[in-house]
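Me: I have a model open and want to learn to read it feature by feature. Can we go through it together?

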Amino acid sequence: MTSLTVGFDLDMTLVDSRPGIHASLCALADEYRTFIDADLVVERLGPKLEDELANWFPREAVAGAADRYRELYGEIGVVGCSLLPGAAAAVDAVARAGGRTIVVTAKFEPNAVACLAHVGVVVDRVYGWRHGPGKGTTLAEESAAIYVGDTPSDIAGARTAAAFAVGVTTGPHGHEELHAAGADVVLASLLEFPEVLRSTAASP
């Protein structure tokens, strides 16, 4: 068990980041004097930030808007994060089992670190700016045995790394979508994760 490494996604897996994302998007829209439907965006979290902003900005403005969003999020968005049910216990369960915990997220790494500090969760390593295949690469490099996430791209990352793929429906995707993406198991929340960890670690 000492070699066990478990990875977690961040947004809508460990933390509910929607209020902070909403506030940051509204501030961004105000600065750029443009319209962003922040309510819609926070209900479909998962795409890369630049891909989402391309719906609201001209192509040539997306990169600058994304950089400014990340600045705004660090200033006003982090405080909008809160732990999702069972998140702290899920991380603690890995530590009690003698394993390592890593967070592999698409979020800008300094903001991811700040979010975890805000909610009081300590992990062994944080990898930011990983999305889709990039998550799988990092999970493979870390020899992660399990990866937990709320989107089909999280599940794809786990499968790429040959990790046990755990989906949670705390994000915008339901059981069927996550199973169809290749999840080995789908949970309603991380409250169920300690039992999954026990059974997975006990498997030959």
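Me: What percentage of the residues of the protein chain count as buried?
Reply: This is a predicted model, so every figure here is computed from it. Of the 204 residues, 50% count as buried.

Me: Which radius of gyration would a compact globule of 204 residues have, and which does the protein chain have?
Reply: The rule puts a compact globule of 204 residues near 17 Å. The protein chain has 17 Å, so the two agree. For the extents, take the principal axes: the C-alpha atoms fill a box of roughly 55 × 35 × 30 Å.

Me: How many helices and strands are there in the protein chain?
Reply: Ten helices and eight strands. Then look at how contacts span the sequence. Take contacts between residues at least 6 apart: 58% of them join residues at least 24 apart.

Me: On to charges. How many salt bridges does the structure hold?
Reply: The count is 14. The criterion is a side-chain nitrogen of Lys or Arg within 4 Å of a carboxyl oxygen of Asp or Glu. One of them pairs Arg68 with Glu31, with the closest N and O atoms 2.7 Å apart. Arg68 sits in helix α4 (residues 62-77) and Glu31 in helix α1 (residues 18-32), so this pair ties together parts 37 residues apart in sequence. Glu31 has 43% relative accessibility, so Glu31 counts as partly exposed.

Me: Which salt bridge do the side chains of Arg68 and Glu75 make, in terms of N to O distance?
Reply: Arg68 and Glu75 meet at 3.9 Å, N to O. The cut-off is 4 Å, so the pair qualifies. Glu75 is exposed, with a relative accessible area of 53%. Shared partners then join Glu31, Arg68, Glu71 and Glu75 into one network.

Me: Is Glu52 buried or exposed?
Reply: Buried, at a relative accessible area of 7%. The side chain of Glu52 forms a salt bridge with that of Arg44, at 2.8 Å from N to O. Arg44 counts as partly exposed, at 30% relative accessibility.

Me: Back to the helix pair. Which residues is Ala27 in contact with, leaving aside its neighbours within four places in sequence?
Reply: Leu72 and Ile76. Ala27 belongs to helix α1. Compare sequence and space for another pair: Ala27 and Tyr73 are 46 residues apart in sequence, yet their C-alpha atoms are 9.4 Å apart.

Me: Now a charged side chain without a partner. What is the nearest side chain of opposite charge to Asp150, and how many Å away is it?
Reply: Lys135, at 6.5 Å. Asp150 is buried and has no salt bridge. Asp150 lies in the loop between β6 (146-149) and α8 (152-160). Beyond its neighbours within four places in sequence, Asp150 is in contact with a set of residues including Asp9, Asp11, Met12 and His173.

Me: Where does His173 lie?
Reply: In the loop between β7 (164-168) and α9 (175-181). His173 is buried, with a relative accessible area of 19%. Buried means under 20%, so His173 falls within the class. A polar contact of 3.0 Å links the side chains of His173 and Glu177. Leaving aside neighbours within four places, the contacts of His173 include Asp150, Thr151 and Leu178.

Me: What phi does Trp129 have?
Reply: Trp129 has a positive phi of about 60 degrees, and it is not a glycine. Trp129 is in the loop between β5 (125-127) and α7 (133-141).

Conventions: Residues are numbered from 1 along each chain as its sequence is written. This is a predicted model: local features need pLDDT of at least 70, side-chain atom pairs count only at pLDDT 80 or more; totals for chains, interfaces and linings use all residues. Side-chain values use heavy atoms; hydrogens and water are left out. Helices (H or I, at least four residues) and strands (E, at least two) are DSSP runs, numbered from the N terminus. Buried means under 20% relative accessible area, exposed over 50%, partly exposed in between (1.4 Å probe, protein chains only). Lys and Arg count as positive and Asp and Glu as negative; His and the chain ends are not counted. Contact means heavy atoms within 4.5 Å. The radius of gyration is taken over C-alpha atoms; the globule rule is 2.2 Å times the number of residues to the power 0.38. A polar contact is a pair of N or O atoms within 3.5 Å; within protein, one must be able to donate a hydrogen and the other to accept it, and residues adjacent in sequence count only if both atoms are side-chain atoms.
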